[in-house]
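Hi,

Here is the structure we talked about. Please open it and keep it beside this email as you read.

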Amino acid sequence: MKDIGFELVWQARIPEIQGLARLYRYSRNGAEVLAVENDDENKVAGIAFRTPPKDSTGVAHILEHSVLCGSRKYPVKEPFVELLKGSVQTFLNAMTFPDKTCYPVASQNSQDLQNLLDVYLDAAFFPRITPEIFAQEGWHLVQDDHDPERLRYRGVVYNEMKGAYSSPDSLLAEYSQQSLFPNTVYGLDSGGHPESIPELTYERFVEFHRTHYHPSNARMFIYGNDDPRPYLALMHEYLQHFPALKPDSEIGLQSRFVQPRRVTAYYPADPENGAKSMLTMNWLLEAATDMDANLRSHILEELLIGMPASPLRKALLDSGLGEDLAGVGLEADLRQMFFSTGLKGIKAGDQEKVEEVIRTTLHSCAEQGFDPKTVEAAVNSVEFELRENNTGSLPRGLVLMIRALSTWLYDADPTLSWSFERPLDAIKAELQAGEPVFERMVRDYLLDNSHHSTVLLSPDLDQGRAIEKREAERLRELSLGLSAEEKRAIQAEAERLQAMQQEPDPASELARIPRLTVQDLPSRGPEYPSRVEAEEPGLVLYHNLSTNSVFYLDVGFDLGQLEQKHLGYVRLFGRALTEMGTLDEDYVSLSQRIQARTGGIEAQPFVSGHETRPEPCTWLFLRGKAMADKVQDLMDILQEVLTRTLLDNPQRFKQLVLEEKARMEQMLIPAGHQMVNMRLRSKYSLADWVGEHVSGMSYLLFLRFLADKVENNWHGVESDLLHMHGVLINARNMVFNVTAEEPVWDKARPMLDRLIQDLPQARPEPRKWLAKCQTGDEGVRIPAQVNYVGKAVDLYSLGYVFDPSSLVVTRYLRMSWLWDKIRVQGGAYGAFSLLDRVSGVMSFLSYRDPNITKTLEVYDQTADYLIRSEFSREEVEKAIIGTIGDMDAYRLPDAKGFTAMLRHLTGETDEARQKRREAVLATTGEDFRTFGQWLRQLAAQGHVVVLGDGSALDQAVNSGLQLDHVWQVL
């Protein structure tokens, strides 16, 4: 590639990723490109910059947002959104880390990926970062809606970070990291502290781009089964314009503490309502580029806190001092790694007891040694994860890119973190020789390490008020210092911003953004191999897929046999099967065996409407996996946990309840829109009502009730669990879903048959459930600085018959109307429109939203927008392409097998999906207007649920919002 300026620095075949890696350097300015060729059809490309901040104004984060708001070649307001509208991308986003900013894209379509990369490169190197874009994405001043003499801060990142600083877990993670790195970039907040963001000036913002978004500071990435040369040629088109620059982006090392440090901080909450403290102990470790130390640290993390058998995890939870582990565990993506753990849900005054538990346990591990079975389990667990390379819904190439940057960013070999065989063999050899590998690490890394900190985060009712008061006082002083002319200038700037936001992009400029056409799309969607192997006594489904010798088995229990009162137990029952112990093994020994012999067994509920019958499809799955030579071990473990589980340990069960409660409370703020959506849908659909009681706010309320019941009426709890066991553990009430290569399945089939024959086989007795929905509109108070606003209506009850074109319309609304009105103009971080085609419930949601009534007004205006607007064929076609991209979502083999099973259970056929696809492809602008007519009912008949700030709720009610129920969940 010398003819276009790229010099090959080195190349190497990396067996662990089954690929050939080549590192290129662009001769003119030193930009580096790592290209990986393998057989992965889910291709990835991207660019990353080293972006260490000098303060907590969030400059790197605001810039990450802003460069995607138009560029030299694509001068439209939101090319990022235009890509989302009309691409079959499998990943399209950008991320700000403490020391880097990444712009990755992924697609299974080569032309699509090149289109995405072209727009991203132009955005990164030639952005149109005007003052208006800085104001929109960062911060600006507006007049208060209710008092024109008062000022307010607005901005997408500003509100996003107010949401982040409303989450106690996010605060604890931030404070824990900062406590260890007071003298480096990691002691700052690259995302931006809400109180510091308004200190950022436009001039410093532009200068940060000039000095950091330069090829000399760039790491670029190509991955997948494509020839990398077209991508290198595209990169050359941009890189050739830049001479070399010496970027000021070095990331310094934190000097070691002589003495440990202590930090006490607070989060907004009411201790009178049960809010408790959180504590972490944190240790600075070795450089992330030391891969021997890196891999050993990952295993040590698993060994100490990763499993129920882990001694530090067990000691903390057995202490009764808290509800669940706190801390991020091992952080290995910074230049220097650190380890953080502790407890959440502790009482005031118990912090020293928690610290003593941690110190005592670590001393015991170092002096008395680890249980060899736990060591074996930890090593196998980490090794299995590395070999399986299961990245879930994320493209494998994206995860490899982020892992490469954990060394590449600090000028080390980018493939170090991929090449795990050598350091893993070294660890195994030392353990085989009897060396105290991890005992030594506990002593050196933790006990004898003076560079550690203790962070206590406590609830304070006045904290939220103090934050609001500081902001109000700051704005009041600012307003008092302004002349009448300056106030008019602020208003004029706000009006200019609003005018810019509302001005439509020229059609000619929109047309320049590269995209696929409908003709480029495959006429049929992906179909996963699936066959029924047996129907009696249990349903056996098999999916012949290449899994790299991993055997996946999902064991499902039909919840339709349960009594309604037991629905709140479902998640806990699933965990109890593998985390309570059996007649032959206590839960510690069982945990060791699971982690040592398998890739893990996890419980997962599934609730959905059914395609052809009114009863909901409700299941609980145990999802297990093992290497091909360990299938019998997996079967033996499943046989034991299904038939010999012990449910008579109230202390252990209460631990599970408190962990679940703490995790649900943690989810409320970062996943508030999901909680609102479940709550809304539960008002209309039996399936969604069940789902809300299994996973939503009703489940959290049940957990609080259950924690007391375990203490005061254990006999009743145990009776409920035993009854559930008797109903659910029944082969005729179960499904067994296998995903593996054919030779592996041929050997495993007799083993599964024996497992099924060992299970009870009574005839199931389905029950009828009666949903007891919370009617009316709800306001749910949480101690947050942002809101999650939802409104929904049941279109089927109004006579609407599902038309697949509605999938195109709702996707279009998310990417245009709602994006413009709620995110761009309203300052919220996100907005969604979702139609459940089975239940007919249409819901609108916002995420980290500073508004309530304004957002609800936008929802109610949506119908008129659809009816009165003209939709060009180009706009409709882009929405069609995006919808097909959603329908054809890329899945790894285990997800393909699981999805195929769910389709079978819900009655969804390949033929029905194909008809839906054809209808989507035939969508017209008239379909948009037709759907708008049905949405007219939302304003009058829709229900509202708002989860958010109490003072914002009060203000909305005072402004006319009528809520039937207002209650507090945190």
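Below are the findings, starting with how to read them.

This is a predicted model, so local features need pLDDT of at least 70 and side-chain atom pairs count only at pLDDT 80 or more, while totals for chains, interfaces and linings use all residues. Residues are numbered from 1 along each chain as its sequence is written, and side-chain values use heavy atoms, with hydrogens and water left out.

First, a hairpin. Strand 13 (residues 324-331) and strand 14 (residues 336-346) form it, with four residues between them. Strands here are DSSP runs of E, at least two residues, and helices are runs of H or I, at least four, numbered from the N terminus. The two strands pair in the antiparallel sense over six bridges; pairing takes at least two DSSP bridges. Glu331 stands opposite Phe338 in strand 14.

Buried means under 20% relative accessible area (1.4 Å probe, protein chains only).

Last, the cysteines. The structure holds zero disulfides (cysteine sulfur pairs within 2.5 Å). For Cys102, the nearest cysteine sulfur is that of Cys69, 18 Å away. Cys102 is buried, at 0% relative accessible area. Cys617 is buried too, at 2%.

Best wishes

Note on methods: Buried means under 20% relative accessible area, exposed over 50%, partly exposed in between (1.4 Å probe, protein chains only).
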